[in-house]
Amino acid sequence: MKTSSDYKLSTNVAVLCVGDPKSGKTRLSMAFPDPGILDCDGNLSSAVRVSNGKKFLFSKPYETDDGKEVPEVDRWPRAVHETKLLLSSPETKSFVLDGLSNLCRWGLVYAENELVKAGINIKKEYLAKYQAFIPLMSNYITMLRIPGKYVVVNVHQTMEKDPLTSRTSFKLDIPGRLADTLGGQFTDVWGMSSDADPMNVKVGAKYTIRTKPSGFHVNLGTSMDLAPSIDITGKSPDEIWALLSPKLSTPTTVVK
């Protein structure tokens, strides 16, 4: 048991960052200090180019350190192993998971394989792998939170349209009911938006962090005194961090 004086506000920030591909999620992640990155998407290059030589650690669960492909069934256990290394490293102050959608897919493959090894007929018990996957992923997110480092998890979203009401809704691009509930394991759920901006000759787009419900994302919310939208167009990771860091130690009520 600990007292309230032991609770470190500035190091218990965990952000689920939602957005379409190329909306700026990875660049935002690179803004956090001394990141250790679990690269599940293989799309770090553009963010690294604008990071002005920023140092970071990274691992690719789908590839060994000597460049050999990891079989899909082995990617989940490798991801967990590499995550533990990144979290425990004294060189990292932040942990970034770039590509939750892919990690979930590997988790499902792993769960299915474990059920087969246990003699379960997954064709008859089709939902068994999803039931096994839920605690697998929930426990993984809990593991990320324990060391007290900044946590950023990037994930895509999908859009659904109700055929009866024509209402449009958004969900995390992950399987099962976790698509509706996973945000509850994070202090913040932010959305990234990229919109065409022909007036911006250099970039051609406007990149925005959304911290409050936008109508174009899953339900967003923040535990900090952040503006509903933060323009990060053309900003380097260090410049983005300069905007965010003063707010990280002043949490307010999480909006859900």
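This is a predicted model: local features need pLDDT of at least 70, side-chain atom pairs count only at pLDDT 80 or more; totals for chains, interfaces and linings use all residues.
In soluble globular proteins, nonpolar side chains tend to be buried together. Here the largest nonpolar core is made up of 38 residues, and Leu 100, Leu 103, Met 137 and Tyr 140 have the most contacts inside it. At least two residues of this core come from each of strand 1 (14-19), helix 3 (75-88), strand 4 (94-98), helix 4 (100-117), helix 5 (128-145), strand 5 (150-155), strand 7 (168-172) and helix 6 (178-181). Helix 5 gives the most, with 7 residues.

Tyr 140 can be followed through its contacts. Leaving aside residues up to four places away in sequence, Tyr 140 touches Leu 38, Trp 76, Val 80, Thr 83, Phe 95, Leu 97 and Leu 103.

The next topic is empty space. Rolling a probe the size of a water molecule over the atoms shows where such space is left. The largest pocket has a volume of about 440 Å³. Its lining consists of 22 residues, and those nearest the pocket centre are Lys 22, Ser 23, Gly 24, Thr 26 and Ser 46. By class, this lining has 10 polar, 7 nonpolar and 5 charged residues.

Helix 1 (25-30), helix 2 (45-49) and strand 5 each supply at least two residues of the lining, with helix 1 giving the most, 3 residues.

Technical notes
Residues are numbered from 1 along each chain as its sequence is written. Side-chain values use heavy atoms; hydrogens and water are left out. A nonpolar core is a set of buried Ala, Val, Leu, Ile, Met, Phe, Trp, Tyr and Cys residues joined through side-chain atoms within 4.5 Å. Buried means under 20% relative accessible area, exposed over 50%, partly exposed in between (1.4 Å probe, protein chains only). Helices (H or I, at least four residues) and strands (E, at least two) are DSSP runs, numbered from the N terminus. Contact means heavy atoms within 4.5 Å. On a 1 Å grid over the protein atoms alone, a cavity is a set of points where a 1.4 Å probe fits but cannot get out, and a pocket is an open set with protein on both sides within 12 Å along at least five of seven lines; lining residues have an atom within 4 Å of a point. Grid points are joined across faces, edges and corners, and a volume is the space filled by probe spheres set on the points. Ala, Val, Leu, Ile, Met, Phe, Trp, Tyr, Cys and Pro count as nonpolar, Asp, Glu, Lys and Arg as charged, and the others, Gly among them, as polar.
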